[in-house]
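Q: Hi! Could you walk me through this one?

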Amino acid sequence: MRKIGIVGIGHVGATVAHIIIAQGLADELVLVDKNPNKLAAEELDFRDAASLLNHHVYVHAGTAKDLSDAEVVISALGHIELIEPGGDRFTELKANTPEVQQVGADLQYVGFNGVLIVISNPVDVITGIYQKATGLPANQVFGTGTYLDTARLKRALGDALHVDPRSINGYMLGEHGNSQFAAWSTVNILGKTAEDLVSYYNLDLDQVAEAARIGGFTVFDGKKYTNFAIAHAAVSLAQLVLSDAHKEAIVLHYDDRFNGYISTPAVIGRNGISAEFDLPLTDDEKALLQKSADAIAENTKAYL
């Protein structure tokens, strides 16, 4: 039985739940939130929709004990109200840390041994806190990281070239934050490299990368939260776990080279991160990746 739990039923958590329910991606979906009134309202709203859907999903409110046998738990808790327009995701760290530590301890107490997918920001740090708090092996705890930023890069390139983003290969690497970067050596569009794009279309690569980097804040500035893209990113990764896909993706996971969590290549399957692989990065890109890892470490010290 496909059982998924979602912790934090705010804008993002509710959207994650909606996607799972509408597409019938789970047999049982457990909703967990510290606000009992909000939790009850969302549960009832989803149950009222049940007779109108093509898929049956058993949806109910619960607590950590209901997650003990879940295959996947998605952490969507957060305090996005603390982020100022054009701000920094690290401003959520102090508020999110004690809640994450409590949820992690609760999951450990009930014996949860599935895969934990983290959305909560700053995800590069919060994911590591979750791994320590749950005591789970590092491969079973990973975050969305630049999986979403990669989608934003493809959207920006697609807009510039009038090409479907799904036709684009390439990655954003590093921090899900200000130090992320487009690894242009990995980009390929309809058989053309990034260098080809500059010469053929006079494309400004820095401008495209910046559009991807600030994409989340652009959305935030307009509606004061983000939900659809990040929710689809989390659900997409959960599907890779549930189907034991062994598919490559750029996700936030523990990377021994940097002694911490950062978004680099990985293969995802039933047990989370099943393998890692190296991209043929240029020397400049390798330096940017190390710089991003250093930025995560420095920001962690500054905010905690």
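A: Happy to: strands β4 (residues 72-75) and β5 run parallel and are joined by four bridges. Strands here are DSSP runs of E with at least two residues, and helices are runs of H or I with at least four, numbered from the N terminus; two strands pair if DSSP finds at least two bridges between them. This is a predicted model, where local features need pLDDT of at least 70, side-chain atom pairs count only at pLDDT 80 or more, and totals for chains, interfaces and linings use all residues. Residues are numbered from 1 along each chain as its sequence is written, and side-chain values use heavy atoms, leaving out hydrogens and water.

Q: Which residue is the bridge partner of Val72 in β5?
A: Val115 is the partner of Val72.

Q: And how many bridges link β5 and β6?
A: Three, with β5 and strand β6 (residues 141-143) pairing in the parallel sense. Leu116 stands opposite Val141 of β6.

Q: Are the faces of β5 covered or open?
A: Both are covered: in β5 (residues 115-118), Val115 and Ile117 are buried on one side, and Leu116 and Val118 on the other. Buried means under 20% relative accessible area (1.4 Å probe, protein chains only).

Q: Switching topic, how many helices and strands does the protein chain have?
A: There are 10 helices and 12 strands.

Q: What share of the chain is buried?
A: Buried residues are 54% of the 304 in the protein chain.

Q: And what box do the C-alpha atoms fill?
A: Roughly 55 × 45 × 35 Å, along the principal axes.

Notes:
Buried means under 20% relative accessible area, exposed over 50%, partly exposed in between (1.4 Å probe, protein chains only).
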